[in-house]
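Please examine the sequence and the structure before reading on.

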Amino acid sequence: MKVAVFSAKRYDRHSLLTVNKSYGHELKFLEARLTHQTAELADGFPAVCLFINDQADRKVLHQLSDVGTKVIALRCAGYNNVDLHAAAELGLTVVRVPAYSPYAVAEHAVGLVLMLNRKLYRAYNRVREDNFSLDGLLGFDLHKTTVGVVGTGKIGQCFAQIMRGFGCHLLGYDLYPNPESEALGVNYVELDDLFAQSDIISLHCPLLPSTHHIVNEAAIAKMKPGVMLINTSRGGLVDTRAVIEGIKSGQIGYFGTDVYEEEADLFFEDWSDQVIKDDTFQLLQSFSNVVITAHQAFFTQNALEAIAHTTLSNLADFELGRPIKNQVTP
Ligand code: NAI
């Protein structure tokens, strides 16, 4: 079917075109992010393919519906950027890629833990400048530390499994504790207890109204002084200003994040020759105990290939009237 692929980068083209040889969809790649200013580019396309920061709010969905869009294929797992109620009212089908590589995201989260703990970012730069001093690089053994996993679904469980390999004690919090995680040694506790007892806290739950700012000023106050906080899930889980205050007071000792509340205007683009006007982001990245990556946790070859397969298969299911496995409804 005819598909307008928004926010298409070189790597998206490559993976989608390679896999599309088995599907034969007519793909039109658009660099533009979907917003109400760009929605008309979908004119004539019954399908649009969107990524994390494409904006499919009520207004945009009306515009898409007006130009003939029937199906929205998300090439990601999270769907917080789509107004599902509006989509249902307009008769738009929404499909997503529920799982592509939980390992990719979990391994990146572990990468942030190691990078922050052993200050690898500082060590790398120092050695390149012939500075072989160890001052300021002191880390701690992960062995026997307590790691709290918020959301023990596919990614949280992989993360827990890797951290178990380091010899960590595992705490978990989830609305639906799962026996596989318990078998791994995850001890489920209340969220406040996880906050109070963990040396490292990693967020792996979806962004929902109920999880928005799950890490806020009150939550940070309950944490162990000097805690390490890792977020590879969604920026909105964390109140960035509260985290900044926590870092300034020393309550948060390390912050590693792959996501940012206001990332839509920043991430996936090269702003290196411009002035970034987001003061909060600039302040956050000025701290020596903060590591930010730009939503790259998913970004492995394996994940891109799996995303392309599921996305194009979802579109084929819709086109051929087959049962749609990966539909998202309100
Ligand atoms: P999943 O659906 O397998 O697991 C999510 C878990 O969170 C479930 O066990 C669910 O019960 C739990 N949960 C839901 N509400 C909760 C709450 N209020 N408190 C605690 N737990 C709650 O999802 P998966 O695949 O593990 O992905 C998790 C998140 O990771 C996604 O929602 C997405 O936001 C993020 N993600 C980030 C990527 C990146 O590149 N940085 C890539 C892919 C996903």
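**The interface between the domains**

Domain 1 and domain 2 bury about 1000 Å² between them, with 54% of this area on carbon and sulfur atoms. Buried area is the accessible area, found with a 1.4 Å probe, that two parts lose on being put together, summed over both. Lys9, Asn53 and Asn80 supply 41% of the area that domain 1 buries against domain 2, more than any other three residues.

The model is predicted: local features need pLDDT of at least 70, side-chain atom pairs count only at pLDDT 80 or more, and totals for chains, interfaces and linings use all residues. Residues are numbered from 1 along each chain as its sequence is written, and side-chain values use heavy atoms, with hydrogens and water left out.

**The two domains**

Domain 1 comprises 2-100 + 300-320, and domain 2 comprises 102-292; these bounds come from an automatic or database domain assignment. Taken over C-alpha atoms, the centres of domain 1 and domain 2 are 30 Å apart. The contact (heavy atoms within 4.5 Å) takes 13 residues from domain 1 and eleven residues from domain 2.

**Charged pairs**

Two salt bridges are found across the interface of domain 1 and domain 2. A salt bridge is a side-chain nitrogen of Lys or Arg within 4 Å of a carboxyl oxygen of Asp or Glu. The side chains of Arg33 and Asp265 form a salt bridge, at 3.2 Å from N to O.

**The ligand**

The ligand is surrounded by 22 residues (a heavy atom within 4 Å), and the closest are Tyr100, Lys154, Ile155, Asp174 and Thr232. A polar backbone atom of Thr232 is 3.0 Å from a nitrogen atom of the ligand. A polar side-chain atom of Asp258 lies 3.1 Å from a nitrogen atom of the ligand, while for Arg234 a polar side-chain atom lies 3.4 Å from an oxygen atom of the ligand. The protein covers 87% of the 860 Å² of accessible area (Shrake-Rupley method, 1.4 Å probe) that the ligand has on its own.

Key. Polar contact = N/O pair within 3.5 Å; in protein donor to acceptor, adjacent residues only side chain to side chain.
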